[in-house]
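Take a look at the model below. We will go through a pocket first, then some rings.

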Amino acid sequence: MSHDALIDQLATGLPPVRRWSMARETALLLAMAGGELALFLGLGVMRPDMSHMIATPYMLWKLGSLALLATVASIMAIRSLSPLGSARRGLTLISGLAASVLAIAMLIDPGAAGGLSIGHRLSPLHGMGCAVAIIVLSLPMVGGMAWLMRRGAPVDATRSAMIAGLAAGCWGAFLFSFCCPSDDPLYVALWYMIGCAIVAAMARWLLPRGYRL
């Protein structure tokens, strides 16, 4: 049997596959994120002083940084789902951006940490609660990323899953920042980073398994 005949035989009866589109995948992710944001804010969990805090350098840094990280990580995650995408390049970009965000945090003083010890500023008990909340809020986005991953064709599924987890973690942290009562950049930098890292590790372990099924 010739190669052409063999290919024709194998392809006979196969359903057509929709062409992968970054614009379509991005639109689907934006729609899901917008729905989750509307639902979350609709629950009335926003901190009561947000109208005052929203214009402070601290809140602008927190919301702006998390929104930027979530957006860049999401774009890099979706791009990595194409056979032509580079997950390694995406991780490098996100790492550099995260380092820049943490460096800026060192320049911000919300005026709430003066004279307090490191232990009091970090508040481990509340910090662990914040990290757990970020993980929970990121789960819908993890599910959405897993669905997009099944629709794509990543060359490096493990790294793509890690970027997807970072995007989901940053998104969960962005949502949580609307109700988080802490105004200390050190607290946010540590516990938000821990929450995002746990989500990324979970996605790195779980999403490639689902992709291979």
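Ala, Val, Leu, Ile, Met, Phe, Trp, Tyr, Cys and Pro count here as nonpolar; Asp, Glu, Lys and Arg count as charged; the others, Gly among them, count as polar. Keep in mind that this is a predicted model.

With those classes, turn to the largest pocket. Its lining has 15 nonpolar residues, two polar ones and one charged one. The space inside is about 360 Å³. In total, 18 residues line this pocket. Closest to its centre are Leu 69, Ala 98, Cys 170, Met 193 and Cys 196.

Which elements give two or more residues to this lining? They are α4 (57–80), α5 (87–105), α8 (157–176) and α9 (185–212). Of the elements, α9 gives the most, with six residues.

Now the aromatic rings. The whole structure holds four aromatic pairs. One joins Phe 174 and Phe 178, with ring centres 5.2 Å apart. Their planes stand at 85 degrees, so this pair is edge-to-face. The cut-off for that label is over 60 degrees. Are these two residues buried or exposed? Both Phe 174 and Phe 178 are buried.

Arg 151 lies over the face of Trp 147. The distance from the ring centre is 4.6 Å.

Key: Residues are numbered from 1 along each chain as its sequence is written. This is a predicted model: local features need pLDDT of at least 70, side-chain atom pairs count only at pLDDT 80 or more; totals for chains, interfaces and linings use all residues. Side-chain values use heavy atoms; hydrogens and water are left out. On a 1 Å grid over the protein atoms alone, a cavity is a set of points where a 1.4 Å probe fits but cannot get out, and a pocket is an open set with protein on both sides within 12 Å along at least five of seven lines; lining residues have an atom within 4 Å of a point. Grid points are joined across faces, edges and corners, and a volume is the space filled by probe spheres set on the points. Helices (H or I, at least four residues) and strands (E, at least two) are DSSP runs, numbered from the N terminus. Rings of Phe, Tyr and Trp (its six-membered ring) pair if their centres lie within 6.5 Å; planes under 30 degrees apart count as stacked, over 60 as edge-to-face and the rest as tilted. Buried means under 20% relative accessible area, exposed over 50%, partly exposed in between (1.4 Å probe, protein chains only). A charge sits over a ring if NZ of Lys or CZ of Arg is within 6 Å of the ring centre and within 35 degrees of the ring normal.
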